[in-house]
Amino acid sequence: MELSGEELTGGESQMQELAALVQKTTRSCSWWERHGVDWACLILALSVTPAGFLLLHSDRFVLLCLGILLLGAAHTVVSVKGSHLASHNSLSQSKFWNKLWAVLFIEVCGSFTAEIGTYNHVKLHHAYTNVIGLGDSSTWKAPFFPRYIYLFILPLAVPVITPIVAIGLIQDQPMTTAIRTLSAITLGMWVHCWFLMHVSGFQSLLSAFLCMLFYKAIYSIPYIHVNIFQHIGLAMFSPTKKPKRIYQMAYGVLNLPRNMLLDWSFGHSIINCHVEHHLFPTLSDNMCLKVKPIVSKYFKQHNIPYNEDNYLSRLRLFIDKYEELMVNAPQLTELVGIQ
Ligand SMILES: [Zn+2]
């Protein structure tokens, strides 16, 4: 895989040196390593959904719970991992197929808008990571809610809030895009409800719709947690005075440890290879995992910080310092001397 121009001309020799090391590895990898492993994960998630709907037909509580867990996990894999990879064009080398996957994963599965979702994530969050007012993860803050409500109750509303926000956002889009997005979101929800009524045996559309919201919500607590844990509380920069790219990502991004459940449902690039993902955003999840030892070794050799912390430690930090991190404006970091 060729790294993009932006990745190679990050503005400084260390970034170029690291990119060359990474590219040496990525070039020698097969299609299976570059895309196949992640596709296998997405296809596996889609293929367990019939079993999930069938299990919901059962009268046994254990089987019902298993069905909910299977459907929740499958939904998270396609709508988080799939959408994220699609937004970075990491699922294919073809522009046409990437666009199609973005509509499928972000709109049909994720109930959001492909254009605005991609723009906000790639053009703002990635280009201006931790830059105040641009890529500072402020979309994940809701300072008017108390800490425990924000961290443990509010995330459950993500499946309801997501399509409502999408409908609000598409009003500024061209008519054809707005109609396509609205149709894709409706189609996605209709498919869930159809299977719940015709395979799982739900008697009414309302009960099927509520069940869909329930299993879509089971991963939304860690989803919100992970989104805030890996940037908020780290160095923040001003738009006029941000460090070189390699330092911006080193200081403003954090990796969580490997966790099988989160790695495979959200993707390595969101969990344990977030630093690598911010340095080389077009690499797939499996390729981020592959280049992780190269990046961490390079950072250590050049005394560049490599932020890592575990889930519970970050959770404790956000509970203890909720006011400071999530309510009050973050402090700017002046990285004098290393720009
Ligand atoms: Zn990303």
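**Close-up views of a predicted helical chain**

**View 1. Serine 111 sits in the loop that joins H6 to helix H7 (114-126).** Helices here are DSSP runs of H or I with at least four residues, strands are E runs of at least two, and both are numbered from the N terminus. The model is predicted: local features need pLDDT of at least 70, side-chain atom pairs count only at pLDDT 80 or more, and totals for chains, interfaces and linings use all residues. Residues are numbered from 1 along each chain as its sequence is written. Serine 111 has a phi near 55 degrees, a positive value in a residue other than glycine. Most residues other than glycine have a negative phi. Serine 111 is buried, with 25 other C-beta atoms within 10 Å (buried: 20 or more other C-beta atoms within 10 Å of its own; exposed: 12 or fewer; partly exposed in between; C-beta atoms are placed from the backbone).

**View 2. Asparagine 130 lies in the loop between H7 and helix H8 (147-153).** Its phi, near 60 degrees, is positive in a residue other than glycine. Asparagine 130 counts as buried, with 25 C-beta neighbours inside 10 Å.

**View 3. Helix H3 (residues 31-47) and helix H5 (residues 61-87) cross at roughly 150 degrees, their axes coming within 8 Å.** Axes are lines fitted to C-alpha atoms, for helices over the stretch in contact, and angles run from 0 to 180 degrees between N-to-C directions. On the H3 side, Asp38, Cys41, Leu42, Ala45 and Leu46 meet Ala74, Val77, Val78, Lys81, Gly82 and Leu85 of H5 (contact: C-beta atoms, placed from the backbone, within 7 Å). By class, this contact of H3 with H5 has eight nonpolar, one polar and two charged residues (nonpolar: Ala, Val, Leu, Ile, Met, Phe, Trp, Tyr, Cys and Pro; charged: Asp, Glu, Lys and Arg; polar: the others, Gly among them).

**View 4. The largest nonpolar core has 33 residues, and Val78, Ala86, Phe105 and Leu196 have the most contacts inside it.** A nonpolar core is a set of buried Ala, Val, Leu, Ile, Met, Phe, Trp, Tyr and Cys residues joined through C-beta atoms within 7 Å. The elements giving two or more residues to this core include H3, H5 and helix H10 (175-198). H5 supplies the largest share of this core, seven residues. A second, separate core of 24 residues includes Val22, Met236, Ala250 and Cys288.

**View 5. Phenylalanine 105 is in contact with Val78, Ser79, Gly82, Ser83, Ala86 and Gly110, leaving aside its neighbours within four places in sequence.**

Technical notes: Contact = placed C-beta atoms within 7 Å.
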